[in-house]
Amino acid sequence: MNLNLNLKYFASVREALGKSDERLSTTATTVSQVRDELIARGGTYAQVLALDNPVRMAHNQVMCASDTPVADGDEVAFFPPVTGG
């Protein structure tokens, strides 16, 4: 069964991909599977979201672990770590 997810991209991730959001129809069941699917697109997605890059993820506007389950209509966001001073 396909889920329809709302993806959001922030800061350098948004700049690299050239978009701040998109809809994704997917069979992924976790946030990490969504990331893996995006990486599989290749190109800029593979570079920016590579597993060795420090990309943070949020599920429905709450920071989450990679094994967080997703459901139809959920929002998944990707952004670089934030530093402050």
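Visitor: Which residues is Arg35 in contact with, leaving aside its neighbours within four places in sequence?

Guide: Contact means heavy atoms within 4.5 Å. Beyond those neighbours, Arg35 touches Leu49, Ala50, Leu51, Asn53, Val55, Met57 and Phe78. This is a predicted model: local features need pLDDT of at least 70, side-chain atom pairs count only at pLDDT 80 or more, and totals for chains, interfaces and linings use all residues. Residues are numbered from 1 along each chain as its sequence is written, and side-chain values use heavy atoms, with hydrogens and water left out.

Visitor: Is Arg35 buried or exposed, and what is its nearest side chain of opposite charge?

Guide: Buried means under 20% relative accessible area, exposed over 50%, partly exposed in between (1.4 Å probe, protein chains only). A salt bridge puts a side-chain nitrogen of Lys or Arg within 4 Å of a carboxyl oxygen of Asp or Glu. Arg35 is buried and has no salt bridge. Asp36, the nearest side chain of opposite charge, is 6.2 Å away. Lys and Arg count as positive, Asp and Glu as negative; His and the chain ends are not counted.

Visitor: How many aromatic pairs does a search of the whole structure find?

Guide: A pair of aromatic rings is described by the distance of the centres and the angle of the planes. Rings of Phe, Tyr and Trp (its six-membered ring) pair with centres within 6.5 Å; planes under 30 degrees apart are stacked, over 60 edge-to-face, the rest tilted. The search finds 2. Tyr9 and Phe78 are stacked, at 6.1 Å and 25 degrees. Both Tyr9 and Phe78 are buried. Phe10 and Phe79 are edge-to-face, at 6.3 Å and 80 degrees. Phe10 is partly exposed at 38%; Phe79 is buried at 17%.
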